[in-house]
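Keep the structure in view while reading.

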Amino acid sequence: MHDPALLRRDPEEAARRLATRGFQFDVARFRELDERRRQLVRQVEELRAFRKSESEEIARLRRAGADTAEREQKVKAVGKEISRLEDELAVVEEEFRQFLAGIPNFPHESVPVGSGEGDNVEVRRWGQPREFNFTPKPHWELGPQIGILDLERAAKIAGSRFAVYWGAGALLERALIQFMLEVHTREHGYREVLPPFLTNSATLFGTGQLPKFAEDLFRVQDHDLWLIPTAEVPVTNLYREEILDARELPIKLCAYSPCFRSEAGSYGKDIRGIIRQHQFQKVELVKFTLPETSYEELESLTRDAEDILQRLGLPYRTVVLCTGDLGFAAAKTYDIEVWMPGQQAYKEISSCSNFEAFQARRANIRMRRPGGKPEYLHTLNGSGLAVGRTWVAVVENYQQADGSIVIPEALRPYMRAERITPKGELV
RNA sequence: GGAGAGAUGGCCGAGCGGUUGAAGGCGCACGCUUGGAAAGCGUGUAUAGGGGCAAAACCCCUAUCGAGGGUUCGAAUCCCUCUCUCUCCGCCA
């Protein structure tokens, strides 16, 4: 959500900035709604001021014993006019609100201009993809082969885009969650939080999923409740409608949660394996920061996510998304892509974004500096990391010719094993 | 799920349908006092929208006492609906 005053000051500039990300901002429509709204507000307020003073006058006259019937009639008529205008204003305000809510965030000036994925820019690369002396298998072959991943039974009990993990596969998932949370809480300074996995629609509005992207979500029947698509949603909204003490910023939170996505409109994409699921697990990093430090914090948040891959010895590259590939609420986003040898491709495993005040304004999250007025703070988040995809990366990168999987050093304390055998056993 | 009680400013807590945006207290800020501090005294201390302005300071207006609606010339105060919290009962991991 944008500040209407800012848009009013220079709508053409706003339109120009939004055009870089492929959004057409209707300047005339904005002007019309804004004008109309302010005009109605003025009228209503003038009438209310009149009614207020007249009512006080009536009270005075009554105490003095005078007849006030005539004045009362007059004020009554004004009251009718007020409610008529109020109804009209409510319609205009709702229209204005919806119009504003549908405008995506401005890209930050450092974001490369481009029209889509192809224009994203690689900013760094870490690790050498391993040389295999055999042809590495994709996880959807290796996993079922050694009995740690079962997509057929998942389809039976839930449908496509679900997975069942057996034995060492389930443990690997659990160990990854534990490992990530431990590193972020004990070494990167995040506070762990375990939020609800269902939220109401006001919460989803705050982070920008609603009203525009309802079709990407699962909704609970007969309740105002939705399955969260990411822990970003409940965690960012923890401080909705609150004013935080600026001296306590930055606030750094991390949260494990399952994530649920309908994946409507991604029918052809990633149909094999578990890269794109209706349900997956993720450890999320969320920050609340001062406006002047949010870009530094974006850098360190991205590094915190990358650190997990480095500790696991998984090669990756980091790209900055171009204006055309940016998500609705983001001003700048880094994607971290991990090397998947079975697919011979880098695959997104984390997305780290600075939303500046865009979410804060929607969710009304503010902070106050000592002695100052409330100001909107900046919100950021990133995956640290997507657990299911990390599972895939470990399986594909650490597979051996015989079908066994070497467990990365960093995970061994959590799995109490060094290897998953070709039969899916832990040794 | 059933019955009852409640929701007021950063916090606690008053509040006859009419100068109540809201008493009082606490907290906080500034000043006086002090060698310094405490105590004491004084002053101040919500947010949003609109207007005066192109802005800031400042001034004016309007709204807000859980949310929405209603009654009334006028609602924190009366009525209705909803949400949340607490207590008891039932059910349950």
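The buried residues of helix H2 pack against helix H1 (4-9) and helix H3 (27-63). This is a predicted model, and everything described below was computed from it.

Five residues from domain 1 and nine residues from domain 2 take part in the contact.

Now return to helix H2, which spans residues 11-19. Which of its residues are buried? They are Pro-11, Ala-14, Ala-15 and Leu-18. Viewed down the axis of H2, these buried residues fall within an arc of 100°, so they line one face of the helix. Their packing partners, as said above, are H1 and H3.

The next topic is empty space. Rolling a probe the size of a water molecule over the atoms shows where such space is left. The largest pocket has a volume of about 1,800 Å³. Its lining is made up of 49 residues, and those nearest the centre of the pocket are Arg-261, Arg-276, Gly-327, Glu-348 and Ser-351. Several elements each supply at least two residues of this lining: strand S9 (279-289), strand S10 (316-320), strand S11 (332-340), strand S12 (345-354), strand S15 (378-386) and helix H12 (387-397). Which element gives the most? Strand S12 does, with seven residues. Sorted by class, the lining of the largest pocket holds 17 nonpolar, 15 polar and 17 charged residues.

The second largest pocket holds about 230 Å³ of space. It is lined by 15 residues, of which Ala-163, Val-164, Tyr-165, Gln-279 and Phe-280 are the closest to its centre. Two or more residues of this lining come from each of helix H6 (151-157), strand S3 (164-165), helix H7 (168-186) and strand S9. Here S9 gives the most, with three residues. The lining of the second largest pocket divides into 10 nonpolar residues, four polar residues and one charged residue.

Note on methods. Residues are numbered from 1 along each chain as its sequence is written. Chains are lettered from A and ligands numbered from 1 in the order in which they are written. This is a predicted model: local features need pLDDT of at least 70, side-chain atom pairs count only at pLDDT 80 or more; totals for chains, interfaces and linings use all residues. Side-chain values use heavy atoms; hydrogens and water are left out. Buried means under 20% relative accessible area, exposed over 50%, partly exposed in between (1.4 Å probe, protein chains only). Helices (H or I, at least four residues) and strands (E, at least two) are DSSP runs, numbered from the N terminus. The arc is that of the directions from the helix axis to the C-beta atoms. Contact means heavy atoms within 4.5 Å. On a 1 Å grid over the protein atoms alone, a cavity is a set of points where a 1.4 Å probe fits but cannot get out, and a pocket is an open set with protein on both sides within 12 Å along at least five of seven lines; lining residues have an atom within 4 Å of a point. Grid points are joined across faces, edges and corners, and a volume is the space filled by probe spheres set on the points. Ala, Val, Leu, Ile, Met, Phe, Trp, Tyr, Cys and Pro count as nonpolar, Asp, Glu, Lys and Arg as charged, and the others, Gly among them, as polar.
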